[in-house]
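Student: Please take a close look at one part for me, the surroundings of the ligands. I would like the answer to run as one connected account, with each cut-off given as it comes up.

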Amino acid sequence: MSRSHDVVVVGSGPSGVHFAWTLLEAGRAVTMVDVGRRGSPLPLPEASLPRLKEELDDPVSYFLGDAFEAALLPGSGGEYYGFPPGKSHVFEPAPGFGVESRGFAPLTSFARGGLAEAWTGGCYPLNDREMASFPFGWAELGPRYGEVARRIGVSGAEDDLAELLPLHEHLQPPVALDDHSRRLLATYEDRRSRLRSIGCRVGRSRLAVLSRDHDGRVACARLGRCLWGCPSRSLYTPSVTLERCLERPEFRYLPGLEALSFRLSGGRAEALRVRPLAGGADEEIPVDRLVLAAGTLSSSLLLLRSLAGEGDRRQLAGLMDNRQIFVPFVNLRQLGRPWSAESYQYHQLGMALDGGSPSEAVHGQITTLTTALVHPFAQRLPFDLGTAVRVTANVHAALGLLNLNLADERRDTCRVGLADGTEAAGVERLAVRYEPPVGEGARLRWVVRRARRALRRLGCWVPPGMVHIRPMGASVHYAGTLPMTVDGGPGTTTPGCRSRDVENLWLVDGSVFPALPAKNLTFTLMANAVRVAEEEFG
Amino acid sequence: MDRLLLTGASGFVGRRVLAEAARRGVPVTALCRRPPSGGRPVGDVRWLAFDVAGDVSGEAPLGGLLEAPPEDPWVGAFDGVGAVLHLAAATGAAPASEHRRVNEEGTRRLLRAAARAGVERFVFVSTIGVRFPDLRGYPYGRSKAAAEGAVRESGLRWTVVRPTAVFGDGSPIVASLSRLAGLPVLPLLGGAPARLQPVAVDALAATLLDVVGQPETVGGTIEVGGPEIATMEELLRRLRQRLRGRRGPALRLPLGPLTLALGVLERVGVRPPVTAGQLVSFVEDGVLDPEIGRVVGETPLPPADGSADVPAGRARGGDRSRRLRREAGSLSRVLVGSPPGEPVVARYLAAHERLPGLMPSSLFERAQVGAARLHPWPARMADAYAALLARESVLRRKTVLLLAILESSAGHHRSIDRPDARGRLGTVAALGLRGLSALPLLAVGFAIFVPVHLLSTLLSVSGPRRGVDP
Ligand SMILES: Cc1cc2nc3c(=O)[nH]c(=O)nc-3n(C[C@H](O)[C@H](O)[C@H](O)COP(=O)(O)OP(=O)(O)OC[C@H]3O[C@@H](n4cnc5c(N)ncnc54)[C@H](O)[C@@H]3O)c2cc1C
Ligand SMILES: NC(=O)c1ccc[n+]([C@@H]2O[C@H](COP(=O)([O-])OP(=O)(O)OC[C@H]3O[C@@H](n4cnc5c(N)ncnc54)[C@H](OP(=O)(O)O)[C@@H]3O)[C@@H](O)[C@H]2O)c1
Ligand code: SF4
């Protein structure tokens with residue numbers, strides 16, 4: 001039975017599942033096409049991280065991987081943790097997706113649940129100022145943030161950051177702070193005026209982590225395994241919502257299919273061309289209304305290939321990503337204090353550094369070191385590793401990492417297009433070009449200086465030589481190739497995220513963002529997907 | 001470049017062929033029934049998942065959602081393919097019917113599909129076991145022999161490759177022999193007189209890829225083995241030595257009653273470490289026929305104890321692992337103050353097989369690593385110097401690797417990632433002391449390694465900076 005009246009959605013990431021769930025709740029039928037790579041179940045779900053090391057048959061392969069791929073040896077880049085082997089399915093490529101890039105390190109996911117199966121759960125709503133170039137504002141998006149929070153469970157507090165992070169409905173109380181984060185926050189409260197005077201605010205992170213049982217999932221039990229995969233699903237991932245969708249009879253989920261392009265006729269998408277992963281010939285799925293939620297890069301490639309099939313070979317300008325900077329620090333007040341391995345592992349505090357405008361503002365996440373592998377850190381110390389290991393143990397309780405996100409704007413020089421090459425028509429590779437704005441070096445130095453100053457006022461020291469400027473692409477906050485505009489031409493979308501190139505095509509992932517404020521975008525992706533589903537398909 | 005259709009790509013040998021193909025930049029279409037889901041994929045690989053013998057009919061595409069008839073799984077499998085390397089097989093303790101179905105019938109189907117798709121080059125991986133004089137009680141060997149026949153008659157540009165026993169990390173043969181060798185009394189089935197000539201899996205993988213591209217092998221049969229021959233008895237004893245640290249008692253068991261007993265066990269569903277069918281390999285020689293044999297790689301046999309009478313071929317492999325063990329011992333004392341223990345050492349050795357950049361490639365790096373093997377103190381001195389002036393040198397990579405393994409291992413992780421709460425003053429004092437004790441190390445380290453490093457840089461030929469492990 002072919003169900004051509006269905007809405008066909010490509011992708012099961014956060015954008016896709018919240019779009020689909022909204023339609024399903026409204027009683028509509030949805031077909032979802034997905035590559036849908038799956039991981040294996042997490043072992044010993046009740047064990048804390050240290051217990052895992054004792055109780056697993058082969059902890060080395062669990063933590064480092066059979067090919068030792070998660071061991072970060074000197075010379076393998078400046079990261080502080082390797083992706084855990086148990087999440088490797090999240091980044092497993094798809095055979096028909098190829099990309100070549102300049103100035104950009106692209107990361108894509110073809111997993112059930114998308115990239116956010118490996119995310120760190122930061123959920124930050126945009127405020128009206130940040131949405132200035134969006135064709136809507138808080139009035140439209142605020143309730144949708146609340147709706148997403150109702151579905152996934154977001155915890156946080158009303159504190160100094162709330163001026164930048166507007167309050168929405170269904171906010172759970174924050175998860176219990178670890179000792180180091182608690183002291184940092186207390187220091188901030190003591191020295192609030194001195195910090196506010198340099199434009200720095202500190203407060204609780206907004207996290208997709210349950211502090212209360214919710215919708216059949218249990219509150220975070222502080223197992224300290226977040227990086228290796230939360231076994232209790234207290235840390236939300238989109239596969240939770242996908243499972244909800246799968247309970248609905250009106251939902252058709254088609255994993256194991258890679259969408260390659262769609263066939264156009266008279267400015268309409270007629271059919272989606274898909275390739276079964278298991279092998280065999282390509283198939284066509286007839287479409288009435290097509291919704292792309294394959295992530296900015298993959299959705300852009302699908303559109304580019306499809307247009308090229310009609311002889312329209314073009315580029316899409318405006319690719320954005322948040323530049324990230326890692327600033328490791330030592331909190332002198334924490335030296336010599338105990339720490340507990342049984343605590344939440346990712347960031348629990350946020351730091352905002354005001355700028356004159358939203359595009360100059362910086363949003364940071366502060367992760368204190370609770371449980372983590374030591375070798376990525378110890379190798380950076382200027383001592384022999386025997387000494388470095390012991391020094392790390394001495395300072396462990398005092399270590400933290402500030403991860404700064406910088407805003408980005410659409411620029412004509414940052415583009416995606418089809419790569420010139422020998423590929424057969426219809427499976428061309430994506431070519432990505434990214435050029436940082438003029439004056440990037442000076443901007444980064446200025447931000448790092450401000451962050452150092454703020455940390456100093458918090459009683460923390462930033463050891464010289466350890467700040468790491470991540471390459472573009474590393475934050476995986478991709479956006480901007482098909483921006484929503486009130487009126488615009490080809491290569492744009494309507495305020496309802498409908499393509500201006502293809503009549504029955506909508507895009508509900510990051511590709512439609514007209515700007516990228518200095519905040520992790522996924523919460524907004526989900527809220528916007530709800531909005532489009534309600535307004536355009538309601 | 002033409003793709004290689006590799007069947008059995010998820011198996012023990014197949015995985016290594018995949019890795020080698022990625023290194024060589026050969027694009028691969030990989031076939032097996034259950035493609036691996038985890039693991040970082042390397043190179044250009046397209047996975048196909050279906051049964052080569054194909055009578056477990058695949059699910060209808062899209063779960064029957066679209067009105068397309070079930071597809072022939074072979075359609076599209078040969079897209080862009082220039083050659084087939086056929087490894088997929090029922091191996092080990094599979095029932096006789098499955099050996100026949102997969103190895104014989106599966107090979108026939110693959111041959112037909114290749115012919116239909118116009119792909120001519122076909123390399124079939126058989127086994128040395130097809131030469132055992134009596135294949136009646138050996139369904140695996142029988143099925144492979146029949147498959148060889150089908151390959152020879154196919155009219156394609158074929159080559160048959162017969163490996164000897166394949167050894168290496170994850171080897172099914174080594175695993176089952178180890179189960180025998182680990183028993184309290186070593187059972188020598190039929191006296192275990194068979195002579196073996198095992199081949200290292202990586203050397204085999206490379207050879208298989210070589211053969212695909214060697215037109216002179218078309219229409220021929222090649223046997224592939226390693227440089228050393230040992231009897232099954234000797235092999236079992238060496239495995240036992242490695243597992244239990246001593247040789248211990250052995251028991252010679254006559255073959256006849258055993259075959260019977262194992263047959264009964266299998267019937268009632270018990271999985272013994274060897275099946276009745278596999279018993280032949282304890283008595284029949286599995287060594288190369290010199291006429292058609294190729295010796296490749298280093299010997300994968302575990303070393304015998306006492307190195308006096310070690311044949312030259314093996315000495316190198318044995319020495320290398322001994323050196324790595326010594327190194328792990330010394331570095332572990334530096335990192336956690338105690339010896340590493342066998343599981344950690346085993347992972348350390350395994351990592352040296354997999355990760356690049358762990359072989360010293362200059363005079364300086366050899367001096368570093370040599371110092372580290374001597375004793376924990378020189379190890380720290382060498383590392384103290386490297387921490388400042390050679391952060392990516394081999395010794396640092398090795399030490400960080402061992403640290404990563406130790407901190408992921410039961411027991412050891414506690415001495416690395418433990419709360420060390422001694423108050424602020426106590427901590428500052430401890431840090432001060434560590435700094436003081438690190439200074440003389442650094443001074444001596446500099447005194448030794450500055451000249452060595454300089455000399456090494458002056459002498460360095462323009463070779464690659466970092467060797468890649470074999
Ligand atoms: C380590 C890490 C930490 C992160 N932390 C945060 C955070 O704290 N806060 C935050 O806001 N964001 C975070 N992110 C970013 C976040 O994960 C992404 O913004 C988000 O997942 C994007 O969602 P998406 O649905 O648009 O696309 P994706 O997540 O990329 O999902 C794409 C989906 O489409 C499918 N697909 C793609 N192409 C095809 C095709 N051709 N055919 C069929 N299916 C296809 C895939 O299978 C997948 O299901 C993090 C990301 C990473 C990697
Ligand atoms: N290991 C040795 O010592 C040795 C010695 C001599 C010769 N050989 C030969 O070398 C080859 C590889 O050996 P190995 O040790 O790597 O074996 P293995 O580990 O058992 O791997 C067998 C491979 O074949 C696949 N396979 C099995 N049945 C299949 C079917 N019906 N359809 C499709 N794929 C199938 C398996 O994947 P799925 O189960 O996922 O389908 C797996 O990838 C075999 O031909 C073997 O006879 C091995
Ligand atoms: S600490 Fe992390 S892994 Fe553990 S329950 Fe909480 S969210 Fe899950």
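**The ligand surroundings**

Tutor: Ligand 3 has 13 residues around it, and A:C220, A:A221, A:L223, A:C226 and A:C230 are the closest of them; a residue is counted as near when one of its heavy atoms lies within 4 Å. The model is predicted, so that local features need pLDDT of at least 70 and side-chain atom pairs count only at pLDDT 80 or more, while totals for chains, interfaces and linings use all residues. Residues are numbered from 1 along each chain as its sequence is written, chains are lettered from A and ligands numbered from 1 in the order in which they are written, and side-chain values use heavy atoms, with hydrogens and water left out.

The shell around ligand 3 consists of 8 nonpolar, 3 polar and 2 charged residues, where Ala, Val, Leu, Ile, Met, Phe, Trp, Tyr, Cys and Pro count as nonpolar, Asp, Glu, Lys and Arg as charged, and the others, Gly among them, as polar. The largest cavity is the space that ligand 3 takes, and a molecule is placed there if more than half of its atoms lie within 2 Å of the grid points. A cavity is a set of points, on a 1 Å grid over the protein atoms alone, where a 1.4 Å probe fits but cannot get out, and its lining residues have an atom within 4 Å of a point. There are 3 cavities of 30 Å³ or more, and the largest holds about 90 Å³, a volume being the space filled by probe spheres set on the points, which are joined across faces, edges and corners. Its lining has 14 residues, with A:C220, A:L223, A:G224, A:C226 and A:C230 the closest to the centre.

Ligand 1 has a shell of 36 residues, the closest being A:D34, A:T120, A:A259, A:S298 and A:T522. Among its polar contacts (pairs of N or O atoms within 3.5 Å), a nitrogen atom of ligand 1 lies 2.8 Å from a polar backbone atom of A:A259. Of the 990 Å² of accessible area that ligand 1 has on its own, the protein covers 95%, as computed by the Shrake-Rupley method with a 1.4 Å probe. The element β8(A) gives the largest share of this shell, 3 residues; strands are DSSP runs of E with at least two residues, helices are runs of H or I with at least four, and both are numbered from the N terminus. By class, the shell of ligand 1 divides into 18 nonpolar, 15 polar and 3 charged residues.

An oxygen atom of ligand 2 lies 2.7 Å from a polar side-chain atom of B:S10, and one is 2.6 Å from an N or O atom in the side chain of B:R34.

Definitions and conventions: Polar contact = N/O pair within 3.5 Å; in protein donor to acceptor, adjacent residues only side chain to side chain. 1 Å grid on protein atoms, 1.4 Å probe; cavity = no way out; pocket = protein on both sides within 12 Å on 5 of 7 lines; lining within 4 Å.
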